[in-house]
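Biologist: I have not looked at this model before. Could you take me through what its labels rest on?

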Amino acid sequence: MSETTAGTGASYAAAGVDIEAGDRAVELMKEWVKKTQRPEVAGLGGLGGFAGLFDASALKRFERPLLASATDGVGTKVDLARQLGVYDTIGHDLVAMVMDDIVVCGAEPLFMTDYICVGKVHPERVAAIVKGIAEGCVLAGCALVGGETAEHPGLLGPDDFDVAGAGTGAVEADRLLGPDRIRKGDAVVAMASSGLHSNGYSLVRHVVFDRAKMTLDQQVEEFGRTLGEELLEPTKIYSLDCLALTRTTDVHAFSHVTGGGLAANLARVIPDGLHATVDRSTWAPGAVFDLVGTAGRVERLELEKTLNMGVGMIAVVPEDSVDVALATLADRGVESWVAGEITDRGDHAAGAELVGDYAK
């Protein structure tokens, strides 16, 4: 190879991938990942290895351990984080979407990995995203054992990014929650959401930007803050709250209210022959749901199929366990209430439905 050719040849950096920036991002995120360590990962390699490690001998405390796994992202909410330049909350959303799915079957969250795809590595920005993921893992009680940051110049703009994650939990086989446990007469206990959570943002963005012509820095009296602050409110992480319920009450099932809305997600855990009726009058959805519905002239059923309407998690418990369940959640600072009941299916076509009108 001639000297001239060597000096003008292609390189990874010239193609837009900055390996040194990626290395710096890893160094910046290490302190946050360390905060998520559980005993099962302490002293096992550490961040920067090819694989995350978890001491599986911890499963010896189970008679018959079942592993539960889930993977998810946070959808178009990441674009709002990009526009606002706020990167340290989106990780809470990611952990919630993964680990609150895992806890639905009664599983204890154990560990998680993440995947961050960017158009250009900005080390401080990537570290802020991981900081949020790490903080979310602490709230969920799991370890962040590894992940991947990928730089995709040409496919993503310099400021564009997306996040995804996968998690693993474990549950004793005879403690597995789900449809088989639900009985006629059980109560449906609702847990309040922190806002929109991480679903339906394609609809929300269309309404507030395209139809209502609002801006992210616009103050909204009903919110008591800006539109951007409301839309970026992190998803509530219920994992440890749900596990606390399994210790104090005879929980029969959980339902994580995500895409598809409350009725559709609750129906997923209702067995054949039974029906869940949820009374809208037992709660008033927050102002953000009213804004989306009013500004977009979105029909109520469409809103309910897209957004959580103020309920982020459902617990189905025996009627005689309701008081203990509500007290347990109140002690943990979780707003909750009895929203419905389990009855015979009868002529109902769906496994769950919402009835009545919302409280004002």
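Biologist: What makes E5 and strand E11 a pair, and in which sense do they run?

Modeller: This is a predicted model. A pair needs at least two bridges, and E5 and strand E11 (residues 336-344) have five bridges, in the antiparallel sense. One of the contacts across the strands is that of methionine 191, whose bridge partner in E11 is serine 336.

Biologist: How many bridges join E5 to strand E10?

Modeller: Six bridges, against the at least two that are needed. E5 and E10 (residues 311-317) run antiparallel, and alanine 192 stands opposite valine 311 in E10.

Biologist: Why is strand E5 called largely enclosed?

Modeller: Six of the six residues of E5 (residues 187-192) are buried, so the rest of the structure largely encloses the strand. Ala187, Val189 and Met191 point one way, while Val188, Ala190 and Ala192 point the other way. In a regular strand, side chains alternate between the two faces of the sheet.

Biologist: Which elements cover the buried residues of H10?

Modeller: The cover includes helix H6 (201-211), strand E6 (219-220), helix H7 (227-231) and helix H11 (300-306). The buried residues of H10 (residues 287-295) are Val288, Phe289, Leu291, Val292 and Gly293.

Biologist: How many aromatic pairs are there?

Modeller: The count is three. In one of them, the ring centres of tryptophan 283 and tyrosine 358 are 5.4 Å apart and the planes stand at 70°. Centres within 6.5 Å make a pair and planes over 60 degrees apart make it edge-to-face, so this pair is edge-to-face.

Biologist: What does that pair tie together?

Modeller: Tryptophan 283 lies in the loop between strand E9 (274-279) and H10, and tyrosine 358 in the segment after strand E12 (352-355), so the pair ties together parts 75 residues apart in sequence. Ring pairs also link Trp283, Trp337 and Tyr358 into a cluster.

Biologist: Why does tryptophan 283 count as buried?

Modeller: The cut-off is under 20% relative accessible area. Tryptophan 283 has 6% relative accessibility, so it counts as buried. Tyrosine 358, at 14%, therefore counts as buried too.

Biologist: Which charged end sits over the ring of tyrosine 358?

Modeller: That of arginine 280, at 5.8 Å from the ring centre, where the limit is within 6 Å.

Methods
Residues are numbered from 1 along each chain as its sequence is written. This is a predicted model: local features need pLDDT of at least 70, side-chain atom pairs count only at pLDDT 80 or more; totals for chains, interfaces and linings use all residues. Side-chain values use heavy atoms; hydrogens and water are left out. Buried means under 20% relative accessible area, exposed over 50%, partly exposed in between (1.4 Å probe, protein chains only). Helices (H or I, at least four residues) and strands (E, at least two) are DSSP runs, numbered from the N terminus. Contact means heavy atoms within 4.5 Å. Rings of Phe, Tyr and Trp (its six-membered ring) pair if their centres lie within 6.5 Å; planes under 30 degrees apart count as stacked, over 60 as edge-to-face and the rest as tilted. A charge sits over a ring if NZ of Lys or CZ of Arg is within 6 Å of the ring centre and within 35 degrees of the ring normal.
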